[in-house]
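Here is a short report for a first look at a two-chain model. Please keep the sequence and the 3D view at hand.

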Amino acid sequence: MCLHSKCVHREAQVRVKEIILRVIAGGVFVSAFSLLGDLLKPKSFAGLFGAAPSIALATVTLTVMERGKTYASVEARSMILGAIAFCVYAYLVSRLLIRHRWPALATTAALIVVWFGCAFALWYAVLGRS
Amino acid sequence: MKIKIDTTGLHESKWYEYVVRFAFGGTVTALAGVIAKHFGPEIGGLFLAFPAILPATATLIEKHEIEKKHESGKHGTASGRRLAGVDAAGAAMGCIGLAVFALIVWKELPQSSLLLVLVEATISWLMAAVGVWLMREKLWRRLARKIHTFHSVRAVARHPESSVDRNSARGREK
């Protein structure tokens with residue numbers, strides 16, 4: 001590892017570039033899928049696009065270019081657990097909105113804790129101990 | 001229920017709502033990368049399925065429905081929240097497709113080309129999500145029909161004389 005100030009500066013520049021690239025790619029994919037959802041009816045069908053692989057499509061290419069296919073494949077394995085947690089989160093959001101008529105912003109924001117809880121519990125149960 | 005393309009939703013959205021979605025999506029994607037760098041791909045991978053679209057979409061659906069009902073002099077909070085809930089139920093079904101996408105990338109990526117895997121995984125995501133939605137629609141319709149039949153049979157069993165009256169009235173009409 002090079003500790004020279006020029007090397008450190010260059011590394012920081014590469015990192016910033018990488019973050020900017022991810023922000024642009026993520027923003028484009030998330031906007032595109034949510035726009036598609038806005039266009040479709042009925043709402044239950046449009047909702048399918050609320051669980052589109054937007055972040056994955058935006059990052060997998062960049063990850064493969066930077067760290068290789070094996071690294072991206074390991075990420076995808078964990079993504080399955082994230083998707084299960086997302087399913088629990090979306091189901092609870094829909095129940096609270098339809099049955100109890102909770103406000104959408106507060107419900108979706110508060111239940112993010114459920115996503116974190118489920119995702120990390122699944123990760124610990126399936127991958128954490130190995 | 002028929003699937004339709006309706007552009008009126010686009011006119012309801014304001015420019016800053018698209019900016020918020022872009023910024024939120026971009027931030028989550030960048031964060032997923034930073035988390036993967038610090039904690040490794042196993043933790044970072046979880047964030048590839050982070051709910052980045054649903055919170056903003058549900059909030060906007062509720063807001064637009066309230067505005068629409070308000071224009072016609074009605075109170076649209078309840079129907080706005082119900083519509084947002086229906087959208088979230090769709091997202092819950094879409095998660096099965098998301099898991100299929102991840103499964104294909106996990107299994108196929110080490111041996112195949114990136115472009116091929118991404119195309120295959122995206123098509124599989126769409127097919128799985130739409131398949132689950134269609135199946136649920138079919139089951140729901142069948143269940144609704146059964147419930148309707150059950151209720152009409154029970155109504156006849158409780159008040160047989162009224163059904164006899166109805167039948168005789170029908171006979172007289174003929």
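What radius of gyration does chain A have, and what would a compact globule of 130 residues have? Chain A has 19 Å, but such a globule would have a radius of gyration near 14 Å. The radius is taken over C-alpha atoms, and the globule rule is 2.2 Å times the number of residues to the power 0.38.

This is a predicted model: local features need pLDDT of at least 70, side-chain atom pairs count only at pLDDT 80 or more, and totals for chains, interfaces and linings use all residues. Residues are numbered from 1 along each chain as its sequence is written, while chains are lettered from A and ligands numbered from 1 in the order in which they are written.

**Chain A**

The C-alpha atoms of chain A fill a box of roughly 60 × 40 × 25 Å along the principal axes. Chain A has six helices and one strand. Helices (H or I, at least four residues) and strands (E, at least two) are DSSP runs, numbered from the N terminus. In sequence order the pattern is α-β-α-α-α-α-α.

Chain A is divided into domain 1 (1-67) and domain 2 (80-130). These bounds come from an automatic or database domain assignment. The C-alpha centres of the two domains lie 22 Å apart.

Buried residues make up 45% of the 130 residues in chain A. A residue is buried if 20 or more other C-beta atoms lie within 10 Å of its own, exposed if 12 or fewer, and partly exposed in between; C-beta atoms are placed from the backbone.

**Two local features**

A cis peptide bond joins Lys41(A) and Pro42(A), with omega about 0°. Pro42(A) sits in the loop between E1 and helix H2 (43-46) of chain A. Arg101(A) has a positive phi, near 55°, though it is not glycine. Its loop runs between helix H4 (69-99) and helix H5 (104-110) of chain A.

Two residues can be set side by side:

| Residue | C-beta neighbours within 10 Å | Class |
|---|---|---|
| Thr77(B) | 15 | partly exposed |

Thr77(B) belongs to helix H5 of chain B.

**The core**

The largest nonpolar core has 76 residues. Such a core is a set of buried Ala, Val, Leu, Ile, Met, Phe, Trp, Tyr and Cys residues joined through C-beta atoms within 7 Å. Ala83(A), Phe86(A), Ala90(A), Cys95(B) and Ala102(B) touch the most other members. Helix H5 (residues 77-108) of chain B gives the most to this core, with 18 residues. Domain 1 and domain 2 of chain A both give residues to this core, so it lies between them.

Beyond its neighbours within four places in sequence, Ala83(A) is in contact with residues including Cys95(B) and Ala102(B). Contact means C-beta atoms, placed from the backbone, within 7 Å.

**Where the chains meet**

How many residues does each chain give to the contact? Chain A gives 74 residues and chain B gives 74 residues. On the side of chain B that touches chain A, H5(B) gives the most, with 24 residues. This side divides into 50 nonpolar, 16 polar and eight charged residues. Here Ala, Val, Leu, Ile, Met, Phe, Trp, Tyr, Cys and Pro count as nonpolar, Asp, Glu, Lys and Arg as charged, and the others, Gly among them, as polar.

Strands join the chains too. Two bridges link strand E1 (residues 40-41) of chain A to E1(B), and the strands run antiparallel. Pairing requires that DSSP finds at least two bridges between two strands. Lys41(A) has Lys4(B) as its bridge partner.

Notes. Contact = placed C-beta atoms within 7 Å.
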